[in-house]
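Subject: Structure for you to look at

Hello,

Here is the structure I said I would pass on. Please open it first, then read the notes below it.

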Amino acid sequence: MSAGEITRISGPVIYAQGLADAGLYDVVKVGKAGLIGEIIKLKGDLATIQIYEDNTMMRVGEPVECLHRPLSVALGPGLIGSIYDGIQRPLPVLKGLSGAFLAPGLAGEPLDTRKKWHFVPSLKEGEPIAPGTLFGTIQETDSIQHRMVFDASVPASTAATVAPEGDYAISATLVKSGEGKEYTAVSYWPVRTPRTFKEKQVTREPLVTGLRVIDVLFPIAKGGSAAVPGGFGTGKTMTQHAIAKWCDADIIVYIGCGERGNEMTEVLTEFPTLIDPRTGRSLMERTILIANTSNMPVAAREVSIYTGITIAEYYRDMGYHVAVMADSTSRWAEALRELSGRLEEMPAEEGFPAYLPTRLAEFYERAGMVTTLEDRKGSVTIIGAVSPPGGDFSEPVTQHTKRFIRCFWALDRDLANARHYPAISWNDSYSEYTEDLIAHWDAIDPSWDTLRSKTMEILKKERRLADIVRLVGPDALPDEQRLILLTAEMIKNGFLQQSSFDKVDMYCVPPKQTLLLACILTFHELAENAIKNGSPLLKISSLPIREKIIRLKSSLENEKVQEGQAVIQEIRAAFAQLGTTAQGAVSA
Amino acid sequence: MRGLEYHGILRADGPIVIAEHRENVGFSELVRVRDRSGEYRLGRVVDISEQAIAVQLFSENTGISIDESWIEYLEKPLTFRVGDGIVGRIFNGLGEPIDGYPPIISSDLRDTNGRPINPSARVYPRDFIQTGISAIDGMNTLIRGQKLPIFSGNGLPHNRLAAQIVRQAKVLSGESQFAIVFAGMGIKYDVARFFIDSFEKSGVLSRVVMFLSLADSPSIERLVTPRTALTAAEYLAYEKNMHVLVVMTDMTNYCEALREVSAARNEVPSRKGYPGYLYSDLASLYERAGKIEGCEGSITQLPILSMPNDDISHPIPDLTGYITEGQIVLERDLSQRGIYPPIAGLPSLSRLMKDGIGEGMTREDHRDLAAQLFSAYAYVRSVRDLAAIIGEEELSDRDKIFLGFGDHFEREFLAQGEFENRSIEQTLDLGWKMLSILPESELVRIPPRLIEKYLPRAAEPEAKE
Ligand SMILES: Nc1ncnc2c1ncn2[C@@H]1O[C@H](COP(=O)(O)OP(=O)(O)OP(=O)(O)O)[C@@H](O)[C@H]1O
Ligand SMILES: [Mg+2]
């Protein structure tokens with residue numbers, strides 16, 4: 001331990017002398033209060049330190065102690081269902097220490113040290129150990145088996161002793177190596193270093209989100225990365241909440257990075273009451289929360305992203321599919337900017353440091369589908385919210401993010417104002433995963449690709465026609481073109497729009513997604529024919545079946561998709577009826 | 001040390017004073033600077049090195065000289081003295097009484113910066129506050145513990161609206177202790193007077209705590225005014241279990257003071273010269289709203305800000321909107337057409353509405369009704385754009401019906417008297433009456449069951465104007 005002394009205090013950035021043997025990014029305890037900080041610059045024995053807590057009344061000359069290890073997270077059973085601040089302090093424990101308000105200088109064990117877990121060894125004494133060796137399992141929740149695998153920092157050796165099956169606290173030694181190194185259920189990993197895996201794989205499996213506009217029009221792959229940019233109140237958080245609730249990942253890491261406290265509380269109160277349709281267990285049993293809200297110290301906000309992604313990689317390395325929600329990456333970028341400003345660095349665009357794109361790239365690069373050290377398949381999918389100032393996507397964070405993600409779900413102010421949710425614009429969004437995922441869908445539902453491209457085509461045509469209508473009004477268009485407008489309207493109301501508050505519709509299983517589209521497109525096809533045969537559009541648009549199709553999303557439950565096939569028959573019947581009356585009119 | 005003054009400073013630069021580092025001061029410590037005329041100013045230590053310290057003053061620097069200044073270190077951050085006696089009193093931005101009555105007697109000093117609420121100790125706000133204003137109750141419901149700003153512009157009736165909300169706000173589920181905290185930053189005397197009179201007329205003046213830093217007081221004082229006010233609010237809410245409504249006006253003046261100090265410190269600006277930390281700084285105020293576990297009280301914030309040039313994408317409204325739980329936007333166009341309150345139908349939003357309305361809270365049809373009104377009104381706006389180009393006569397019949405709906409909606413639903421207090425049932429029924437103008441097949445956002453139950457059938461559809 002080396003001791004230094006504070007020489008300058010400038011907000012959350014302080015300077016200290018006498019830490020000659022400290023390393024860059026080492027953790028330090030600053031001042032009499034022992035606030036946690038991290039060395040971010042070293043010059044001779046002058047260290048620049050960012051502090052993760054409020055340092056009101058800190059004085060020059062107070063001691064600084066270097067812990068000689070990088071900022072790390074504790075990884076082990078008990079992470080699931082927890083809520084941490086940006087540097088993995090357990091918020092409920094802190095509440096026990098200082099009440100409803102956070103005080104500086106608090107410390108708490110990230111994992112429950114008293115709880116006993118049932119350990120089942122998978123290693124025998126005398127067997128070799130190396131990075132990637134599974135040494136045991138613990139049933140962490142009903143659906144999550146915690147696989148304890150030696151990480152890349154473990155030297156190759158043999159197991160001298162292995163604890164027998166039984167109940168252990170996390171501090172108990174489970175494996176002892178030939179060299180006498182002891183291993184417990186907990187390991188530590190530096191947050192700024194990506195965890196080691198064997199190799200990256202190409203991802204061809206969708207992450208099914210249950211949101212139609214995403215799954216069908218702009219799908220994301222497991223191990224992919226996506227950005228959700230949008231001005232305030234356009235629905236970034238709601239979209240991320242919806243995905244966190246219903247997507248088919250095994251584990252969710254939700255990072256509230258510089259956003260509202262109440263949104264965290266909402267997750268904490270709502271998730272335990274919701275049932276994961278795939279496991280039948282509460283959603284909290286697959287969720288980990290990192291909450292560093294906008295009013296909590298800004299340096300800890302900068303780290304919160306790394307804390308979250310490291311935990312995600314840890315579960316990936318057990319062979320799970322993990323989805324990370326980061327809300328909002330812009331607040332993280334602003335934390336970088338604020339700290340960079342304190343360091344008096346040369347700013348690049350809009351005051352952001354020149355290394356912003358590098359940091360963004362490093363972050364999104366931590367997404368991926370991998371072969372783990374243990375030779376299993378696991379993935380981390382990153383979905384990052386972006387909050388562009390003034391809702392203007394030309395600003396640096398959105399622009400740089402675009403370079404490193406492959407899915408762009410652009411939220412549109414006009415859609416949000418019209419309460420068309422999710423306000424994901426079908427004009428400005430894109431997904432580069434679609435091609436990779438077609439094979440997957442083909443095997444399940446061969447119509448997927450056709451339905452999808454037809455829908456896109458109608459929406460594209462509608463956009464062109466809407467420009468004309470804006471100048472001359474709809475009456476100038478022939479009926480075939482006005483039908484495009486009508487169908488597009490049905491796609492928007494009956495398919496794209498999906499309220500998170502609708503009990504039936506808040507998530508939508510893939511068979512229902514294709515069924516709804518099939519209904520709308522069947523209607524469209526038959527209407528096209530009817531128009532050719534002389535039926536006026538007005539008659540078609542006032543068919544009661546049209547309203548029924550639009551309402552189908554809310555009336556047809558996910559479990560009863562099969563019953564929806566009858567609607568297609570009804571549509572055919574309605575048009576057959578229309579055909580005979582039209583014919584009748586002509587012959588009369 | 002208290003009572004010990006150090007003579008002389010090194011430099012004075014706007015609101016920043018640089019002095020030699022002669023006593024081991026703490027970061028953010030409160031200091032007192034005396035000038036040659038014997039006048040005192042308060043300031044805060046914002047940077048400390050081994051040789052020098054930087055102090056940010058809370059008032060004008062006129063009269064500060066290099067040689068004839070004396071600094072005293074007060075060994076604490078800026079605090080506010082809390083106690084039962086604060087209710088009914090008027091303070092300046094720094095928390096010193098300015099109403100001519102004696103100082104508050106209490107030994108309870110609170111750091112005005114407050115402390116962040118532990119997110120796991122928050123209670124999610126759900127209690128509906130009835131303001132009696134249809135545009136708010138029906139479409140952008142206010143919830144106890146919410147932070148819901150009013151985005152306004154010069155000359156728009158934001159003060160009248162705020163006063164009406166304060167006058168009419170009530171929670172349907174029984175009575176409880178309430179208080180109002182008012183923070184005035186850089187506002188004119190007559191605006192302050194307007195609020196005092198209005199509080200007096202509605203008989204709540206004795207429950208108001210006022211913090212006034214008027215237009216003629218130093219702009220820097222505005223930086224502490226909301227913090228002092230929120231310290232008072234936290235005391236009343238979390239220790240006295242009161243429901244506190246905090247009105248803060250005008251946040252634009254606050255932000256400008258922040259920019260002034262940032263410029264004086266030569267910080268790298270982000271947009272329009274505002275500091276990069278404007279978001280975090282505003283969050284440190286707005287996030288002090290809410291409810292916490294084990295405590296009856298709550299803090300509801302109603303900040304008012306004027307959008308420079310009516311521009312909602314200006315950094316001040318923009319960053320506010322990113323932090324608060326929605327916004328009530330006032331629209332000049334509505335106001336010019338004589339509609340009060342001129343609450344813009346589309347850009348206004350209440351994010352906490354979703355969990356505070358519906359069966360058992362307001363009425364089962366509330367959510368769907370509001371969604372339908374929003375979507376119909378959004379369509380009205382696009383029809384109006386079209387009509388402006390091709391002329392109203394050229395519109396389709398359907399579009400003409402929507403135009404009629406839009407007109408009624410603005411004149412009957414949005415508009416109401418400044419002293420008209422509508423119950424939530426009246427508001428919702430009025431909403432249905434508006435919808436009855438539209439063909440029933442247009443109401444696809446509402447389940448048929450609710451249409452059946454609530455849509456007035458007898459009413460003659462009024463198709464055209
Ligand atoms: N899918 C949805 N279904 C229903 N309502 C929605 C949906 N998405 C958004 N909303 C509505 O929009 C409001 C704002 O959404 P949200 O809080 O997600 O915005 P945001 O983009 O995260 O804003 P900010 O950047 O300020 O955090 C919600 O409170 C809700 O009323
Ligand atoms: Mg959000």
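Rings of Phe, Tyr and Trp (its six-membered ring) pair if their centres lie within 6.5 Å; planes under 30 degrees apart count as stacked, over 60 as edge-to-face and the rest as tilted. By this rule there are 28 aromatic pairs over all chains.

Some ground rules before the details. This is a predicted model, in which local features need pLDDT of at least 70 and side-chain atom pairs count only at pLDDT 80 or more, while totals for chains, interfaces and linings use all residues. Residues are numbered from 1 along each chain as its sequence is written, chains are lettered from A and ligands numbered from 1 in the order in which they are written, and side-chain values use heavy atoms, with hydrogens and water left out.

Ring pairs

The ring centres of A:Phe150 and A:Tyr183 are 4.9 Å apart and the planes stand at 70 degrees, so this pair is edge-to-face. A:Phe150 sits in the loop between β12 (145-149) and β13 (157-162) of chain A, and A:Tyr183 in strand β16 (residues 182-183) of chain A, so the pair ties together parts that are 33 residues apart in sequence. (Strands are DSSP runs of E, at least two residues; helices are runs of H or I, at least four; both are numbered from the N terminus.) A:Phe150 has 3% relative accessibility and counts as buried (under 20% relative accessible area; exposed is over 50%, partly exposed in between, with a 1.4 Å probe and protein chains only). A:Tyr183, at 11%, is buried too.

A cluster is also linked by ring pairs: A:Tyr306, A:Trp332, A:Phe363 and A:Tyr364.

A buried isoleucine

A:Ile305 belongs to helix α5 (residues 298-316) of chain A and is buried, at 0% relative accessible area. Neighbours within four places in sequence aside, A:Ile305 is in contact (heavy atoms within 4.5 Å) with A:Ile255, A:Cys257, A:Ala326, A:Trp332 and A:Phe363.

Two packed helices

In chain A, helix α12 (residues 479-496) packs with helix α15 (residues 544-555) at about 30 degrees, with axes 8 Å apart. The axes are lines fitted to C-alpha atoms over the stretch in contact, and angles run from 0 to 180 degrees between N-to-C directions. α12(A) and α15(A) are therefore roughly parallel (under 35 degrees; over 145 is roughly antiparallel, 65 to 115 roughly perpendicular, the rest oblique). The contact involves A:Leu486, A:Met490, A:Asn493 and A:Gly494 of α12(A), and A:Arg546, A:Ile549, A:Ile550 and A:Lys553 of α15(A).

Regards
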